[in-house]
Amino acid sequence: LYLICSNSLIDNISYNNENIDYIRSLRLLNSAGEKAINEYCQKTDFSNVFAIYSSFYAASIDTAKYFAEKYDLVIKLDQRLNDCKVGNLANKSMTFLSNLQEHDFSYKESGGESLLDVGNRMDSFIKSVNEDALVFTHKRCVLGLLLKYCTIGYNLDDELILEFNKEVVY
């Protein structure tokens, strides 16, 4: 499996909106993101891949479409690949929530998900795939999955570090 995520999105959005998870799902790649993924698609060879999976989020589908066209494959949508649900932030910032969750992996806002929740959801998906595949998802989802398999540490700036086989992967 190859996990791919893209975070070059159109428009900043207010995270103090009760429909935040829905609004996030509709965001498209910006022109820089479209250009970067198109160039990446052209220079990489995934000819051994037999399936393409994506979250329901527009940016993931936008990213996956280049590979689907190149390899003549259908994009299979799976909600387990959807981004981490933010929930009700009230007056907190997304940066505050992200930092908190990177220190307390079970923390979640009302109506939201923790990194452990997302990791379990992603792990369930990964274990259900029985073919070589490209998987288009989101940074928080990859982080949640990595937490299940990596050694966890923090650098001198108290930033999360994940190691796998003695190599830093996050």
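Predicted model: local features only at pLDDT ≥ 70, side-chain atom pairs only at ≥ 80, totals over all residues.
Residues are numbered from 1 along each chain as its sequence is written, and side-chain values use heavy atoms, with hydrogens and water left out.

**View 1. Tyr2 and Phe46 form an edge-to-face pair.** A pair of aromatic rings is described by the distance of the centres and the angle of the planes. Planes under 30 degrees apart count as stacked, over 60 as edge-to-face and the rest as tilted. The ring centres of Tyr2 and Phe46 are 4.7 Å apart, and their planes stand at 65°. The pair links distant parts of the chain, 44 residues apart. Tyr2 is in strand β1 (residues 2–5), and Phe46 is in the loop between α2 (31–43) and β2 (51–54). Helices (H or I, at least four residues) and strands (E, at least two) are DSSP runs, numbered from the N terminus. Is Tyr2 buried or partly exposed? Tyr2 is partly exposed, because its relative accessible area is 33%. Phe46 has 7% and is therefore buried. Buried means under 20% relative accessible area, exposed over 50%, and partly exposed in between (1.4 Å probe, protein chains only).

**View 2. Phe46 also pairs with Phe67.** This pair is edge-to-face too, with 6.0 Å centre to centre and 65° between the planes. Phe67 sits in helix α3 (residues 58–71), 21 residues from Phe46. Phe67 is buried, because its relative accessible area is 0%. One aromatic cluster takes in Tyr2, Tyr40, Phe46, Phe67 and Phe136.

**View 3. Four strands form an open sheet with parallel pairing.** Strands of a sheet pair through backbone hydrogen bonds, either parallel or antiparallel. Two strands pair if DSSP finds at least two bridges between them. The order here is β1-β4-β2-β3. β1 and β3 (75–77) are the edge strands, and each pairs on one side only. From one strand to the next, the twist averages 25°. β2 pairs with strand β4 (residues 133–137) in the parallel sense over 4 bridges. Ala133 in β4 is the bridge partner of Ala51.

**View 4. A second open sheet has 3 strands and antiparallel pairing.** Its order is β5-β6-β7. Which strands stand at the edges? They are β5 (151–154) and β7 (167–168); each has a single partner strand, so one side of each has no neighbour in the sheet. β5 and β6 pair over 4 bridges in the antiparallel sense. In β6, Leu162 stands opposite Ile152. These two strands form a hairpin with 5 residues between them. Asp158 in the turn has a positive phi of about 65°. Strand β6 (residues 160–164) also pairs with β7, in the antiparallel sense over 2 bridges. There, Glu167 in β7 is the bridge partner of Phe164.

**View 5. Helices α5 and α6 cross at roughly 85°.** Two packed helices are described by the angle between their axes and the distance between the axes. The axes of α5 (residues 115–128) and α6 (residues 139–149) come within 7 Å. Axes are lines fitted to C-alpha atoms, for helices over the stretch in contact, and angles run from 0 to 180 degrees between N-to-C directions. α5 and α6 are therefore roughly perpendicular to each other. Angles under 35 degrees count as roughly parallel, over 145 as roughly antiparallel, 65 to 115 as roughly perpendicular and the rest as oblique. The contact (heavy atoms within 4.5 Å) includes Leu115, Val118 and Ile126 of α5 and Leu143, Leu147 and Tyr149 of α6.

**View 6. Helix α6 lies across β5 and β6.** α6 runs at about 55° to β6. The buried residues of α6 are Arg140, Cys141, Val142, Leu143, Gly144, Leu145 and Leu147. They pack against β1, α4, α5, β4, β5 and β6.

**View 7. Gly87 lies in the loop between β3 and α4 (94–101).** Gly87 counts as buried because its relative accessibility is 13%. Leaving out residues up to four places away in sequence, Gly87 touches Ile20, Asp21, Glu109, Ser110, Gly111 and Gly112. Gly87 and Glu113 are 26 residues apart in sequence, and 7.2 Å apart in space, C-alpha to C-alpha.

Notes. Phe/Tyr/Trp six-rings, centres within 6.5 Å; stacked < 30°, edge-to-face > 60°.
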